[in-house]
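Open the model in your viewer and keep the sequence panel beside it. The stops below say what to select and what is there.

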Amino acid sequence: MRPPRPVLAVATVAVVFLTLPVIGLAQRTPWSSLGDLLGRQSVVQPLVLSLTVSVAAALVIVVLGTPLAWTLARVDIPGRRIIRALVLLPMVLPPVVGGTALLFALGRRGLVGQWLDRWFGLTLPFTTAGAVVAAVFVALPFYVIAVEGALESGSDELEQMAGTLGAGPLQVLRRITLPRLLPAMGAGVALAWARALGEFGATITFAGNLPGRTQTLPLATFLALESDPEEAIALSLVMLTVSLAVLIPMRDRWLPGRRPSR
Amino acid sequence: MTGQVTGALRLAGTARVGDLVLEVDLTVDPGETVALLGPNGAGKTSLLRVLTGLLPLSGGRLDLAGDLVDQPGSGTFVEPHRRSVGWVPQDRLLFPHLTVRQNIGFSPRATAERVTALLDALGIAGLADRRPSACSGGQAQRVALARAVAAEPAVLLLDEPSTALDIDSQHLIDGLLADGGARATVLVTHDPVEAATVADRLVILEDGRVTHSGSPTDVRTRPRTRYAASLAGLNTLTAVADGYTAMTVGGALVVLGEPATGPVHLVVPPSAVALHRTIPDGSPRNVWRATVAELQPALDRIRVVLDGPLPLVAEVTPGAVEVLELEPGSRVWAAVKATEITVHPA
């Protein structure tokens with residue numbers, strides 16, 4: 001079938017729209033002094049922090065999100081639809097609102113935060129752990145949605161088979177369900193990690209903007225834009241490179257789209 | 001209540017799957033092989049799922065290896081993983097992410113030695129480190145069977161095991177099944193020849209109920225339903241062959257079209273059994289004296305059930321019945337050409 005021209009034309013516009021900002025960035029990049037810019041502490045520090053925070057968030061998300069996705073997909077709990085809506089809420093909530101909500105819940109005088117502070121001496125706002133919490137809050141739904149979808153569409157006949165062979169529920173989960181879920185978990189982690197890396201609003205609201213502790217790449221970029229635009233460009237390029245370096249190798253194996261035939 | 005239970009499997013219960021209501025009474029003894037036959041949608045696969053525990057009973061009780069495992073009335077239900085049942089489903093359900101060896105050794109009850117022995121016995125040792133996707137249909141079937149048997153179940157359930165099997169796989173699988181010891185086997189099949197050759201007993205399931213349970217000969221010669229009559233199409237005789245002749249368990253000597261040795265099953269299509277009032281001459285070399293036991297109309301033909309040294313069923317036209325003046329008690333000669341007899345190693 002010959003592709004209809006209007007469709008191709010609109011698709012082209014969309015591609016241009018998506019790549020134009022990247023070209024704009026490249027065009028304004030001070031390539032000669034880039035090496036010097038990239039070596040600056042004000043660039044290296046947010047980069048290291050962003051990687052730390054996003055990777056830590058991704059780990060927490062896998063640990064929390066996998067049982068959550070499994071429960072939502074497989075357990076007939078009352079009010080499941082409401083619980084699912086609550087779980088997905090951070091996807092549609094403006095991140096600043098999320099950060100504010102986190103502050104009222106986990107802040108020093110927050111609903112739960114005051115007890116964390118009083119009993120464990122644990123304070124989340126203005127700490128790296130707080131930045132991780134903010135990233136987990138906004139990125140967790142992306143992971144849950146990817147993994148839950150795979151669990152629902154996946155037939156559980158193989159799990160039944162494993163049961164008849166003498167494997168108990170936990171063994172079935174460990175030896176059949178999880179190994180077969182790995183591709184979906186990979187896709188979910190990629191999406192959630194990317195979301196965590198780009199997190200801005202909830203982080204600055206809840207965790208603040210302390211260099212070396214909570215000032216991640218997006219925060220540093222936004223601030224540099226006013227004081228030192230060239231540094232902002234360097235920071236943006238760093239984020240672009242990190243994202244592409246992680247997402248391109250994953251694309252073929254884990255991201256939705258053209259899958260290798262099984 | 002438990003003391004009276006005998007057999008590897010004792011089921012008297014009901015279960016529901018959609019519109020179908022299963023209401024089954026079935027006992028299988030240790031070491032016995034039962035072939036479960038029935039039209040599509042009769043509930044054969046559902047019955048197997050009841051035995052595995054994947055489909056709970058809604059009434060009645062099920063005992064496996066002497067233990068009560070399902071009785072809704074008393075709230076008893078033993079989960080599938082705590083039952084000693086080996087299941088080979090029709091679509092095999094091999095684990096795609098595990099190797100052949102890991103598949104066969106999947107059960108916590110399977111030992112490494114047993115897995116290796118099964119790989120060798122079924123001729124799949126060369127595939128041990130491959131994934132199921134690299135196996136042919138026959139090989140995959142062998143893996144599925146080995147996986148079920150490796151757990152040493154008290155009851156083995158096979159759902160259409162011979163569908164699209166190559167002859168090598170068929171022989172290897174038959175060998176493994178024959179060597180089951182005290183294991184009880186329930187075999188779902190569409191193939192009356194397989195049923196008659198492998199099974200000690202046939203159970204006919206129609207519309208969720210057992211309509212007939214008996215020896216292959218019993219079901220063939222006295223089918224109780226239209227379905228049983230249709231699948232009873234073939235005569236199957238157990239015999240011991242020695243070259244071009246074979247001696248049946250009934251003591252009749254049969255001349256074969258192909259040489260064979262040892263225990264065999266002889267399959268004779270009823271249409272190949274010719275009936276005569278006087279002893280025929282000419283090419284048929286197998287001629288036996290027989291008495292007509294029963295006449296059964298079967299569509300445009302008449303099935304003539306014979307008593308004699310060979311319990312055969314002949315299929316003749318209504319015209320032939322008239323000409324030969326056949327009625328129960330008639331003495332006839334039954335003739336079969338040696339080339340019409342197929343020989344299956346037992």
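Into which domains is chain B divided? Chain B has domain 1 (9-84 + 153-231) and domain 2 (235-345), with bounds that come from an automatic or database domain assignment.

Before going on, two notes on conventions. Residues are numbered from 1 along each chain as its sequence is written, while chains are lettered from A and ligands numbered from 1 in the order in which they are written. This is a predicted model, in which local features need pLDDT of at least 70 and side-chain atom pairs count only at pLDDT 80 or more, whereas totals for chains, interfaces and linings use all residues.

**Stop 1: the two domains of chain B**

Colour domain 1 and domain 2 of chain B separately. Their C-alpha centres lie 30 Å apart. The contact between them takes 8 residues from domain 1 of chain B and 10 residues from domain 2 of chain B; two residues are in contact if their C-beta atoms, placed from the backbone, lie within 7 Å.

Now select helix 6 (192-198) and helix 7 (216-221) of chain B. Each supplies at least two residues of the side of domain 1 of chain B that touches domain 2 of chain B. Helices (H or I, at least four residues) and strands (E, at least two) are DSSP runs, numbered from the N terminus. Helix 7 of chain B gives the largest share of that side, 4 residues. By class, the side of domain 1 of chain B that touches domain 2 of chain B has 4 nonpolar, 3 polar and 1 charged residues. Here Ala, Val, Leu, Ile, Met, Phe, Trp, Tyr, Cys and Pro count as nonpolar, Asp, Glu, Lys and Arg as charged, and the others, Gly among them, as polar.

**Stop 2**

Select helix 3 (residues 112-121) and helix 4 (residues 137-150) of chain B. Their axes come within 10 Å and cross at roughly 150°. Axes are lines fitted to C-alpha atoms, for helices over the stretch in contact, and angles run from 0 to 180 degrees between N-to-C directions. Helix 3 of chain B and helix 4 of chain B are therefore roughly antiparallel to each other. Angles under 35 degrees count as roughly parallel, over 145 as roughly antiparallel, 65 to 115 as roughly perpendicular and the rest as oblique.

Helix 3 of chain B passes helix 4 of chain B in a right-handed crossing. A crossing is left-handed if the near helix is turned anticlockwise from the far one by less than a right angle, and right-handed if clockwise. Show the side chains of R114(B), V115(B) and L118(B) on helix 3 of chain B, and of A146(B), V149(B) and A150(B) on helix 4 of chain B; these residues make the contact.

How do helix 4 and helix 5 of chain B run, roughly parallel or roughly antiparallel? The axes of these helices come within 9 Å and cross at roughly 15°, so helix 4 of chain B and helix 5 of chain B are roughly parallel. Their crossing is left-handed. Residues of this contact include L145(B) and V149(B) from helix 4 of chain B, and L172(B) and I173(B) from helix 5 of chain B.

**Stop 3: the sheet of 5 strands**

Move to the open sheet of chain B with strand order 14-18-15-16-17 and antiparallel pairing. Two strands pair if DSSP finds at least two bridges between them. Strand 14 (274-276) and strand 17 (313-316) of chain B stand at the edges with a single partner strand each, so one side of each is left without a neighbour in the sheet. The twist averages 45° from one strand to the next.

Strand 15 (residues 286-298) and strand 18 (residues 331-336) of chain B are joined by 6 bridges. Pick N286(B), which stands opposite V336(B).

Next, strand 16 (residues 301-307) and strand 17 of chain B share 4 bridges, and R303(B) has E315(B) as its bridge partner. These two strands form a hairpin with 5 residues between them, and G308(B) in the turn has a positive phi of about 150°.

**Stop 4: the sheet of 3 strands**

Another open sheet of chain B has the order 12-13-19, again with antiparallel pairing. Strand 12 (235-248) of chain B is joined to strand 13 (residues 253-268) of chain B by 12 bridges. One pair to select is M247(B) and its bridge partner L253(B).

**Stop 5: chain A**

Finally, select chain A, which has 12 helices and 0 strands. Its C-alpha trace spans about 65 × 65 × 30 Å along the principal axes. Where the chains meet, 16 residues of chain B are in contact with 14 residues of chain A.
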